[in-house]
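Here is a short report for a reader meeting this structure for the first time. Look over the sequence and the model, then read on.

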Amino acid sequence: MTCLIVQILTGARRGRRESFTQTPVSFGRSANCDLVIDVPQASRQHGLLVFENDQWVVVNESPNGTTANGKKVGSKPRPLGHGDVIGVAREPMFAVGFEESAEASPITADTANAAPSDPQADHMKRRTRLWMGIGVYLGLMLVGMAILSQVMGKDENKGAGIPELLSDTQITKALTAPLVLQPNQGRAEKSLDRARSLYNQRQRSDKTLYACYMAFKQYLAYAEKSSLASTDQLQFDQTEKEVVDLVINQYRDAYANLSVGKWNVAESSLRYMVVEFELPKAIKDHINQILRVAADKPDK
């Protein structure tokens with residue numbers, strides 16, 4: 001198998017090189033991915049790099065889409081070449097390259113009797129190929145810059161006015177903060193009964209999952225407790241993790257759509273979160289600020 005070499009092009013790990021000899025190689029923002037990409041527009045499980053039919057290909061698994069050298073990767077895997085740049089929207093994520101171990105060519109009668117090569121001629125050929133390669137590369141760079149300039153000129157206002165992206169840590173901290181409610185044992189028991197009932201239905205909808213989480217939190221607040229009984233605590237911990245992942249993914253997907261000018265798509269997703277989820281004030285205020293910006297866009 002050809003060894004895959006990846007160079008990160010953005011984020012805190014920019015410039016780092018990694019190599020892979022296994023397949024597939026998952027990439028995205030999740031720490032569980034083989035290749036972790038620190039790009040806001042990237043999904044937690046964004047895509048795959050797969051070695052098949054003696055070549056590496058890229059597979060898109062994100063609703064935000066994946067690009068290879070600026071061209072959208074469709075529903076089918078796209079073959080990769082040395083130096084290809086993989087990105088999301090207009091943001092490059094990483095470049096790929098390949099390495100193979102050199103194997104000695106077998107000696108035959110023809111090669112044994114062949115005339116020895118001229119070192120000076122070989123050197124001139126290598127220099128010629130090098131300069132030709134540099135010329136082609138510079139030409140492609142100039143064409144790419146011209147196209148990018150035109151695209152950016154058309155889209156320069158697409159992401160204007162958007163509030164700064166909330167980090168995963170900020171969202172997690174806001175969601176997991178305890179509620180402050182007046183102690184009430186009767187309401188505590190009702191909240192716990194509701195949480196237990198909703199737990200078995202939480203996979204039916206995002207709204208049910210979030211309601212289950214809030215019922216657990218309300219019980220803790222009404223009962224003035226910081227933890228639950230063993231089984232209930234396990235269910236609460238699982239629900240909390242699912243809710244945090246849900247909100248972060250929906251928020252980041254909406255923000256990625258905003259950054260490329262898909263205002264209607266982003267606005268619909270954010271309004272759904274505000275209406276269906278009992279979001280903490282900090283997150284709700286932030287989303288409402290984004291919605292006010294979206295409402296002022298004349299070309300949504």
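## A buried loop residue

Thr10 sits in the loop between strand E1 (3-8) and strand E2 (17-20). The model is predicted. Is Thr10 buried or exposed? Its relative accessibility is 14%, and buried means under 20%, so Thr10 counts as buried.

Which residues does Thr10 contact, leaving aside neighbours within four places in sequence? They are Asp38, Val39, Glu91, Pro92 and Met93.

## The chain as a whole

The protein chain has eight helices and 11 strands. It has 300 residues, and 39% of them count as buried. Its accessible surface comes to about 18200 Å². Carbon and sulfur atoms account for 52% of that surface.

Take the contacts between residues at least 6 apart in sequence. Of these, 53% join residues at least 24 apart.

## Helix H6

Helix H6 (230-259) has 30 residues. From its first C-alpha to its last, H6 reaches 44 Å. That is close to the 44 Å expected at 1.5 Å a residue. Just after H6 comes Gly261, with a positive phi of about 85°.

Which residues of H7 are buried? They are Trp263, Ala266, Glu267, Leu270, Met273 and Val274. Seen down the axis of H7, they fall within an arc of 125°, so they line one face of the helix. An α-helix has 3.6 residues a turn, so residues three or four places apart point the same way.

The buried residues of H7 pack against H6 and helix H8 (281-295). The face turned away from the buried side carries the exposed residues Ser268 and Val275.

## Two nonpolar cores

The largest nonpolar core has 47 residues. Those with the most contacts inside it are Ile171, Tyr210, Val247, Tyr251, Leu270, Met273 and Ile287. Helix H3 (168-176), helix H4 (185-199), helix H5 (206-222), H6, H7 and H8 each supply at least two residues of this core. H5 gives the most, with 11 residues.

Tyr251 touches Glu164, Leu165, Leu166, Ile171, Met273, His286 and Ile290, not counting residues up to four places away in sequence.

Definitions and conventions. Residues numbered from 1 in each chain as written. Predicted model: local features only at pLDDT ≥ 70, side-chain atom pairs only at ≥ 80, totals over all residues. Heavy atoms only, no water. Helix = DSSP H or I, 4+ residues; strand = E, 2+ residues; numbered from the N terminus. Buried < 20%, exposed > 50% of the residue type's maximum accessible area, 1.4 Å probe, protein only. Contact = heavy atoms within 4.5 Å. Areas by Shrake-Rupley, 256 points an atom, 1.4 Å probe, with all protein chains shown as cover. Arc of directions from axis to C-beta. Expected span 1.5 Å × (residues − 1). Core = buried A, V, L, I, M, F, W, Y, C linked by side-chain atoms within 4.5 Å.
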